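Hello,

I am passing this structure on to you. Please open it first, then read my notes below.

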Amino acid sequence: MKMILVACVLWALGCGEADRSTRPEGARSDAAAGVDEPEPTGSGTANTDPPRDRTGPRPPIDSYQKVRLTEEDVEQGRYKKYMGGKAETWDRRGAFQLHLARELGLEPSHKFIDIGCGPIRGGVHLIDYLEAGNYWGFDYNEDFISAAKQIVRDQGLEAKRPTLLTVQEFDPTPLDSDFEFGLVFSVLQHTNEHNKRRFFEMIDEVFHPGAKVIITHAKWFDESYLESGVFEVTRALDSLAVLGSDETPIDWGWDPEKRDRMFPIVELTRVR
Ligand SMILES: C[S@@+](CC[C@H](N)C(=O)[O-])C[C@H]1O[C@@H](n2cnc3c(N)ncnc32)[C@H](O)[C@@H]1O
């Protein structure tokens, strides 16, 4: 009996408790949600982190929130190590985001929002393409947003007047309500169920009728998320061939064994 009691106490103080404190009830694990990008590993200053033991316990989901970057990290571009493909494929994977959005109908005149923009890997290309004032990006990690602002200055993109914000739990309050195009590139597979629900409540608030929202890495998606009836699925891509392209994600910097992880890409349209 004593042994059972001791085991219960140890469990409550250990991994069982840690898991409950970081994952709201009903949330799926990131493994279940089909993560494709490397997990963030903590402070950007610790660039000597050993590779994570893939056989060990997975870190809690939504841990991008915990990444911290110093000014030196930003200067040295160390934020790149937190995104899949890291520095080696940064430019190609970023440019792909603009390519994809254009293929799906983005025009320079559209008021656009980059949801979970991170350190604007795709954002720099989108800011450059869009008319001044039309790019908005947000992320829940304030250091990624600080890095994004520095990148805008470094790339001489201030004249495009991008709006970059830190937003928690997909709160629509600081956002405008007339966006015409949204991109959610490799974001929601990293979030727990609570944040996914918040995301779908938010998009009902901030998009214009007729607006499109593009969600990549959407294996976890099903239409029950659209129960409000404001958005409908208008396309679900399982390859780039649907866009009349011979290209594959490999041409844009993805590894051959991970080429299909960005699919399905779901296009939602605001129908009322
Ligand atoms: C793999 S990165 C992709 C970043 C960017 N979209 C890109 O492709 O370069 C995932 C991003 O989603 C952000 N993110 C995850 N959950 C979020 C949430 N609930 N609210 C806002 N941002 C979130 C992370 O901080 C991170 O910047």
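**Around the ligand**

The ligand is surrounded by 20 residues, and the closest are Tyr64, Gly116, Gly118, Arg121 and Tyr140. Sorted by class, this shell holds eight nonpolar, eight polar and four charged residues.

**The model as a whole**

Keep in mind that this is a predicted model. The average pLDDT of the protein is 83. Of the residues, 77% score at least 70. Two stretches need care. Over residues 1-36, pLDDT stays under 50. The model has 37 contacts beyond four places in sequence for residues 1-36. Residues 41-60 also keep a pLDDT under 50. For residues 41-60, the model has 24 contacts beyond four places in sequence.

The protein has eight helices and seven strands. It has 272 residues, and 35% of them are buried. Take the contacts between residues at least 6 apart in sequence: 79% of them join residues at least 24 apart.

**Helix 7**

Helix 7 covers residues 142-154. Its 13 residues should span 18 Å at 1.5 Å a residue, and the end C-alpha atoms are 18 Å apart, so the two values agree.

Which residues of helix 7 are buried? They are Asp143, Phe144, Ile145, Ala147, Ala148, Ile151 and Val152. Their cover includes helix 4 (71-75), helix 6, strand 2 (135-139) and strand 3 (163-166). Just after helix 7 comes Gly156, with a positive phi of about 65°.

Ala148 deserves a look of its own. This residue sits in helix 7. Ala148 and Leu164 are 16 residues apart in sequence, and their C-alpha atoms are 7.6 Å apart in space.

**Gly122**

Next, go to Gly122. It lies in the loop between strand 1 (112-115) and helix 6 (123-129). Is Gly122 buried or exposed? It is buried, because it has 24 C-beta neighbours inside 10 Å. Its contacts, not counting residues up to four places away in sequence, are Gly94, Gln97, Leu98, Asp114 and Phe185.

**Helix 8**

Helix 8 takes in residues 193-206, which is 14 residues. From first C-alpha to last, helix 8 reaches 20 Å, close to the 20 Å expected at 1.5 Å a residue. Its buried residues are Asn195, Phe199, Met202 and Ile203. Seen down the axis of helix 8, they fall within an arc of 100°, so they line one face of the helix.

What do the buried residues of helix 8 pack against? Strand 4 (179-184), strand 5 (207-215) and strand 6 (231-237).

**Where to start**

Begin with the shell of 20 residues around the ligand. Then turn to helix 7 and find Ala148 in it. Go on to Gly122, in its loop between strand 1 and helix 6. End with helix 8, where the buried residues line one face.

Best regards

Key
Residues are numbered from 1 along each chain as its sequence is written. This is a predicted model: local features need pLDDT of at least 70, side-chain atom pairs count only at pLDDT 80 or more; totals for chains, interfaces and linings use all residues. Helices (H or I, at least four residues) and strands (E, at least two) are DSSP runs, numbered from the N terminus. The expected span of a helix is 1.5 Å times one less than its number of residues. A residue is buried if 20 or more other C-beta atoms lie within 10 Å of its own, exposed if 12 or fewer, and partly exposed in between; C-beta atoms are placed from the backbone. The arc is that of the directions from the helix axis to the C-beta atoms. Two residues are in contact if their C-beta atoms, placed from the backbone, lie within 7 Å. pLDDT is the predictor's confidence in each residue, from 0 to 100. A residue is near a molecule or strand if its C-beta atom, placed from the backbone, lies within 6 Å of it. Ala, Val, Leu, Ile, Met, Phe, Trp, Tyr, Cys and Pro count as nonpolar, Asp, Glu, Lys and Arg as charged, and the others, Gly among them, as polar.
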